[in-house]
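Hello,

Here is the structure I promised to pass on.

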Amino acid sequence: MDDLIKNVRTYRFAAGLAERIRLAEQIFRRIEPDLRIFVFSSVTNDAAKDALQEVLKAIATSLNKFQGDTEKQFWAFCYRIARNKISDHYRQQYAERFQPVDPAELWKMMEVSAQDAPISAAVRHDLDYAIKLLTAAKPDCSDLLWRHYVVGLDYAELAEERNQTYDAIRMQIGRCLDQAKSLVS
Amino acid sequence: MAELSQKEQLALHEFSVRYRAGLAKQHPTTEQNLDAVRDAVREQYEQERAEESSRTPEPPSAAPEREPDAPEA
């Protein structure tokens with residue numbers, strides 16, 4: 001069993017405060033990076049830092065209510081809480097996030113990553129293609145591709161997020177890829 | 001419907017990994033965020049304790065025994 005779900009299950013039955021805090025630290029060190037990209041991809045940068053902290057607090061408060069047994073269920077639980085928190089408190093910033101992503105901004109982020117892992121010419125070429133693919137389509141399509149390929153949400157999670165069926169999301173991503181690829185090539 | 005070639009999938013994966021790394025570098029996990037988590041856990045714990053103690057029935061108090069009535073004359 002993965003350490004994450006093991007810690008979450010242990011947390012549910014932990015009676016003492018010190019043990020709960022110790023487990024919570026381990027759990028949040030593990031989930032924070034994924035929640036960070038989820039939040040920063042959902043609201044504007046100005047609001048994202050506060051929003052992330054609110055999301056982490058909300059998950060911490062609900063941690064012992066999680067009833068699932070798998071890591072996948074736990075991630076669905078975390079994303080559900082994050083979405084609710086963001087839509088309740090950051091509706092305006094959420095709407096503003098749906099703007100076309102500027103490729104120059106994405107390149108800046110690539111250069112930041114290059115400080116630790118230099119970008120070879122071949123990788124630069126691949127990144128250029130990926131950025132074009134993610135930004136070429138219409139904003140709603142770009143957003144969907146972003147959340148699937150960059151944030152890492154699967155069809156089921158996107159279906160829940162958008163109140164659509166699994167198949168509808170799968171088809172929509174396919175159509176968005178068609179659109180993006182036709183504009184890139 | 002479009003499918004991604006392996007090369008395209010790898011390109012998107014590389015982008016995602018680097019974007020996460022860049023974001024983590026610009027906005028690292030702060031001790032502030034972990035403090036917020038610790039506080040939330042503490043508050044939740046105290047709330048649970050308070051709820052538990054309000055649910056626990058008070059032990060029956062030992063009522064003083066009634067003195068027997070005085071025999072009628």
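Helix α4(A) has 19 residues. From first C-alpha to last, α4(A) reaches 27 Å, close to the 27 Å expected at 1.5 Å a residue. Bear in mind that this is a predicted model.

Which residues of α4(A) are buried? They are A:Phe74, A:Trp75, A:Cys78, A:Tyr79, A:Ile81, A:Ala82, A:Lys85 and A:Ile86. These residues cover an arc of only 160° around the axis, so they sit on the same side of α4(A). The face turned away from that buried side carries A:Asn84, A:Ser87 and A:Asp88, which are exposed.

Next, the domains. Chain A is divided into domain 1 (3–96) and domain 2 (103–184). Their C-alpha centres lie 24 Å apart. How many residues of each are in contact? Seven from domain 1 of chain A meet six from domain 2 of chain A. On the domain 1 side, α4 (71–89) and α2 of chain A each supply at least two of the touching residues. That side of domain 1 divides into four nonpolar residues, one polar and two charged.

Now the two chains. In chain A, 38 residues are in contact with 30 residues of chain B. Several helices of chain A each supply at least two residues of the side that touches chain B: α2 (17–40), α3 (45–62), α6 (103–114), α7 (121–136), α8 (139–151) and α10 (166–184). Which helix gives the largest share of that side? It is α2(A), with twelve residues. By type, the side of chain A that touches chain B holds 21 nonpolar residues, five polar and twelve charged.

From chain B, look at helix α2 (residues 31–55). This helix has 25 residues. Its reach from first C-alpha to last is 36 Å, close to the 36 Å expected at 1.5 Å a residue. Buried in α2(B) are B:Asn33, B:Val37, B:Ala40, B:Val41 and B:Gln44. What do the buried residues of α2(B) pack against? They pack against α2 and α3 of chain A. Both of those chain A helices are among the ones that supply at least two residues of the side touching chain B.

Best wishes

Conventions:
Residues are numbered from 1 along each chain as its sequence is written. Chains are lettered from A and ligands numbered from 1 in the order in which they are written. This is a predicted model: local features need pLDDT of at least 70, side-chain atom pairs count only at pLDDT 80 or more; totals for chains, interfaces and linings use all residues. Two residues are in contact if their C-beta atoms, placed from the backbone, lie within 7 Å. Helices (H or I, at least four residues) and strands (E, at least two) are DSSP runs, numbered from the N terminus. Ala, Val, Leu, Ile, Met, Phe, Trp, Tyr, Cys and Pro count as nonpolar, Asp, Glu, Lys and Arg as charged, and the others, Gly among them, as polar. Domain bounds come from an automatic or database domain assignment. The expected span of a helix is 1.5 Å times one less than its number of residues. A residue is buried if 20 or more other C-beta atoms lie within 10 Å of its own, exposed if 12 or fewer, and partly exposed in between; C-beta atoms are placed from the backbone. The arc is that of the directions from the helix axis to the C-beta atoms.
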